[in-house]
Amino acid sequence: MTKYSRAQFLRMTGAAAAGLGISSAPTKAQAQSTIDASRPDVVLVNGKVLTMDDTLANAEAFAIKNGRFVAIGSNDDIRNLVTSETEVIDAE
């Protein structure tokens with residue numbers, strides 16, 4: 001498991017959050033494509049994730065695939081997606 005400094009962690013999550021803020025409406029090609037969430041590139045666990053979704057306002061973990069958020073939820077839910085190729089970041 002890779003350890004990150006606080007500054008590195010904040011830069012990574014800030015960049016991910018900024019990417020969500022400037023995303024535009026999906027094109028027809030993007031809407032038809034699906035991302036396989038079963039093999040994420042990176043997961044973050046043991047964090048405090050604030051969402052804009054009223055049904056899941058707070059979460060502990062999320063998964064990223066190809067630069068996109070593909071799953072968000074509890075540590076257990078997201079850890080179930082981890083493979084040997086997935087980078088796991090523990091926010092402690």
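Colleague: Ground rules before we start?

Modeller: This is a predicted model, where local features need pLDDT of at least 70, side-chain atom pairs count only at pLDDT 80 or more, and totals for chains, interfaces and linings use all residues. Residues are numbered from 1 along each chain as its sequence is written, and side-chain values use heavy atoms, with hydrogens and water left out.

Colleague: OK. How many helices and strands does the protein chain have?

Modeller: Three helices and six strands. Those are DSSP runs numbered from the N terminus: H or I of at least four residues for helices, E of at least two for strands. Along the sequence the pattern reads α-α-β-β-β-β-β-α-β.

Colleague: What does strand E1 pair with?

Modeller: E1 (residues 42-45) runs antiparallel to E4 (residues 61-65), joined by three bridges. E1 also pairs with E6 (residues 87-90), in the parallel sense, over four bridges. Pairing here means DSSP finds at least two bridges between the two strands.

Colleague: Which residues are partners there?

Modeller: Leucine 44 has phenylalanine 62 in E4 as its bridge partner, and valine 42 stands opposite isoleucine 64 in E4. On the E6 side, valine 43 is partnered with valine 88.

Colleague: And E4, what else does it pair with?

Modeller: E5 (residues 68-73), antiparallel, over five bridges. One partner pair is alanine 63 with alanine 71 in E5.

Colleague: Is E4 mostly covered or open?

Modeller: Mostly covered: five of its five residues are buried, where buried means under 20% relative accessible area, exposed over 50% and partly exposed in between (1.4 Å probe, protein chains only). Ala61, Ala63 and Lys65 are on one side, Phe62 and Ile64 on the other. For the protein chain, 23% of its 92 residues count as buried.

Colleague: Which residues make up the largest nonpolar core?

Modeller: Seven of them: Val43, Val45, Ala61, Ala63, Ala71, Ile78 and Val88. E1 and E4 are the elements that give two or more residues to this core. Another core, of six residues, lies apart from it, and includes Leu44, Ala59, Phe62 and Ile64. A nonpolar core is a set of buried Ala, Val, Leu, Ile, Met, Phe, Trp, Tyr and Cys residues joined through side-chain atoms within 4.5 Å.

Colleague: How many salt bridges does the count come to, then?

Modeller: One. Arginine 39 forms it with glutamate 85, the closest N and O atoms being 2.9 Å apart. The two sit 46 residues apart, arginine 39 in the loop between H2 (28-32) and E1, glutamate 85 in the loop between H3 (75-79) and E6. Arginine 39 is partly exposed at 40% relative accessible area, while glutamate 85 counts as exposed at 62%.

Colleague: Where is threonine 86?

Modeller: In the loop between H3 and E6. Threonine 86 is buried, at 10% relative accessible area. Its side chain makes a polar contact with the side chain of threonine 83 at 3.1 Å. That term means a pair of N or O atoms within 3.5 Å; within protein, one must be able to donate a hydrogen and the other to accept it, and residues adjacent in sequence count only if both atoms are side-chain atoms. The backbone oxygen of proline 40 also lies 2.8 Å from a polar atom of the threonine 86 side chain.

Colleague: Last topic: what is phi of asparagine 66?

Modeller: Near 55°, a positive value in a residue other than glycine. Most residues other than glycine have a negative phi. Asparagine 66 is in the hairpin of E4 and E5, which has two residues between the strands, and is exposed at 59% relative accessible area.

Colleague: And glutamate 92, where is that found?

Modeller: In the segment after E6. Phi of glutamate 92 is positive too, near 50°, and glutamate 92 is exposed at 66% relative accessible area.

Conventions
A salt bridge is a side-chain nitrogen of Lys or Arg within 4 Å of a carboxyl oxygen of Asp or Glu.
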